[in-house]
Amino acid sequence: MMGYIAAFDIGTTNTKGVLVDKHGGLHQEQDVPMHTLLQGGWIEQHPEQWLEAVCTIADVWWSSGIRAHDIELITFSGQMQDIIPIRADGLPVRPAILYSDGRAAEQAARMNQELGHEGIFQVTGNALDGTSPLAKLLWMQEREAELDVKTAWYLISSKDYVIYHLTGQAVTDATTAATTGMMNLHIREWETAWLSRYALDAKKLPPILAPEAIAGEVHPEAARMTGFRVGTKVLCGIGDAGATTIGAGVTAPGEMYGYIGTTGWIGMTSNQKLPAESRVFHLAHAADGVLIAVAPLLNAGNAHQWAVTTFSEGTDGSNSAYQAFEEAVRAVNRFENHVLFLPYLNGERSPIQDQQATGCFIGLKQATTKAMMGCAVLEGVAFAMKQVQQQLGDGNALQKPLVLIGGGTKSPVWCQMIADIFGVQVRVPQDSQYLPALGAASGGFIALGWVSSYTEFADQYLSRAAAEVYTPDDALHAHYQRKFERYKNIYPSVKNLFIEN
């Protein structure tokens, strides 16, 4: 009998499910789209759809011949930094308030004034703003008091909601809790003194467990609903950024990876917090004593999309337009292309923090072509990633290949460009869209005794996994080092020219 870990990744746009065998093989990959509610600047989702998606994926598995007793255990990753108020019976009190919803700016400003920016950073490792769940809890207390009274539990991650419905247990993990603005990052416990100060009930927050800890077992009603066997163990799981970090094989201090989606980030593991002025976001890694420092970039795949629409022969954003853009950039002589692009189309958070910043080209001449400008856009994002990497790594060069994941890795030209700019090999794992689910499954490997640690999991199952490898060209790397020095001078030279929105 083949035993599987059922791993689900409940994201904002999709819920993914995959069965992982003892050898790290992926089976029965499934994907269900999610719907987001956008109204008046609020960003919410109905939590019921997360559970429905898990049921839908499980139904496909049963229909394809997978049997419930083939499932050794169930685990999850999920979107973090939400506020999901539920009653004791699990029914939502209101739609979930998502991580990107900044409605609690007023409450955050008050807390920053009273607790102090430095005091907040020392405890949580992060800044507090209107997207922070701590501020949103105060918002609910003040604006929706009647719903606050009905709330038995404030869950933080989409996975926590599904776990509650499978097991009847409210739990969360330290990676997720680190996004809330109310977890002490050093001891991985709720900062109850702050909660008491603002008359927030700490008993409504779920216990913080390790990702590999057993949250509970599938109860009869959940078994009837999902098809999973009664008594199947359900792990606490881990927030999506933590799962992605593990899935990228980054488990030991000093390792780094890059993500290129619509936005992007560079993530690095560390034993200690980086200084507050680095403006990075600190999360708790699944491994004890390890932190994840995440530097978010607001401009990544969106800049690529803009360049395709603006400079490609096709303007409809179709695959043919992307392919035409890819071929045009590939044909550019990069040694002779001196055009620079500052990629801040949507303002930026890292490596600079300036919502008024915009994109701009430097070095346009009469001989400049659309392909050269498109090439400069991809280079500009890669230079921004390089600048962030140097900030995170204290200016040191990478000692290991850079693992790169996300939709932007579908562009081989861009991946090679990043290798040339960073001066290291770039590894793009196959099936990278399922890396968060695979990262979540790592906790199951530990719980089942298949491996003893997250580092062992990465060494055995991730470092040897199939991947596309891009090796830097030494001559191009030298060229890009000179161009990078010019690039770093752009923002300081033009920042006073941006017009306030």
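The structure is a predicted model, in which local features need pLDDT of at least 70 and side-chain atom pairs count only at pLDDT 80 or more, whereas totals for chains, interfaces and linings use all residues. Residues are numbered from 1 along each chain as its sequence is written, and side-chain values use heavy atoms, with hydrogens and water left out.

The protein contains 18 helices and 25 strands, where helices (H or I, at least four residues) and strands (E, at least two) are DSSP runs numbered from the N terminus. Along its principal axes, the C-alpha trace spans about 70 × 60 × 40 Å. For 501 residues, a compact globule would have a radius of gyration near 23 Å, and the value of 23 Å found for the protein agrees with this; the radius is taken over C-alpha atoms, and the globule rule is 2.2 Å times the number of residues to the power 0.38. Of the 501 residues, 58% count as buried, a term that means under 20% relative accessible area, with exposed meaning over 50% and partly exposed lying in between (1.4 Å probe, protein chains only). The protein exposes about 20,200 Å², of which carbon and sulfur atoms supply 50%; accessible areas come from the Shrake-Rupley method with a 1.4 Å probe, and for residues only the protein chains shown count as cover. Among contacts (heavy atoms within 4.5 Å) with a separation of 6 or more, residues 24 or more positions apart account for 71%.

Side chains of opposite charge can pair when their charged atoms come close. A search of the whole structure finds 19 salt bridges, each being a side-chain nitrogen of Lys or Arg within 4 Å of a carboxyl oxygen of Asp or Glu. One of these joins E144 to R94, with the closest N and O atoms 2.7 Å apart. This pair links distant parts of the chain, since E144 lies in the loop between helix 4 and helix 5 (145–150) and R94 in the loop between strand 7 (84–86) and strand 8 (96–97), 50 residues apart. E144 counts as buried because its relative accessibility is 11%, and R94 counts as buried at 8%. E144 and R94 also belong to a network of salt bridges that links them with E44, D101 and R103.

A further salt bridge is formed by R143 and E106, whose closest N and O atoms are 3.4 Å apart. Here, too, distant parts of the chain are linked, with R143 in helix 4 and E106 in helix 2 (residues 105–115), 37 residues apart. R143 is partly exposed, with a relative accessible area of 47%, and E106 is likewise partly exposed, at 49%. The side chains of E217 and K233 also meet in a salt bridge, at 3.9 Å from N to O. That pair connects strand 14 (residues 214–217), which holds E217, with strand 15 (residues 233–235), which holds K233, the two residues being 16 residues apart. Both residues are partly exposed, E217 with a relative accessible area of 42% and K233 with 36%.

K204 is placed in the loop between helix 8 (192–197) and strand 13 (208–209). The side chain of K204 does reach the backbone oxygen of T151, at 3.1 Å. Beyond its neighbours within four places in sequence, K204 is in contact with D148, V149, T151, A152, W153 and Y154.

N126 is found in the loop between helix 3 (117–124) and helix 4 (133–143), and N126 is buried, with a relative accessible area of 4%. Its side chain reaches the backbone oxygen of A178 at 3.3 Å. When residues up to four places away in sequence are not counted, N126 touches I120, F121, A178, V280, F281 and H282.

L402 lies in strand 23 (residues 402–405) and is buried, with a relative accessible area of 0%. Apart from neighbours within four places in sequence, L402 is in contact with several residues, including M256, Y257, G258, I418 and F422. L402 and P412, ten residues apart in sequence, are 15 Å apart in space from C-alpha to C-alpha.

Key:
Polar contact = N/O pair within 3.5 Å; in protein donor to acceptor, adjacent residues only side chain to side chain.
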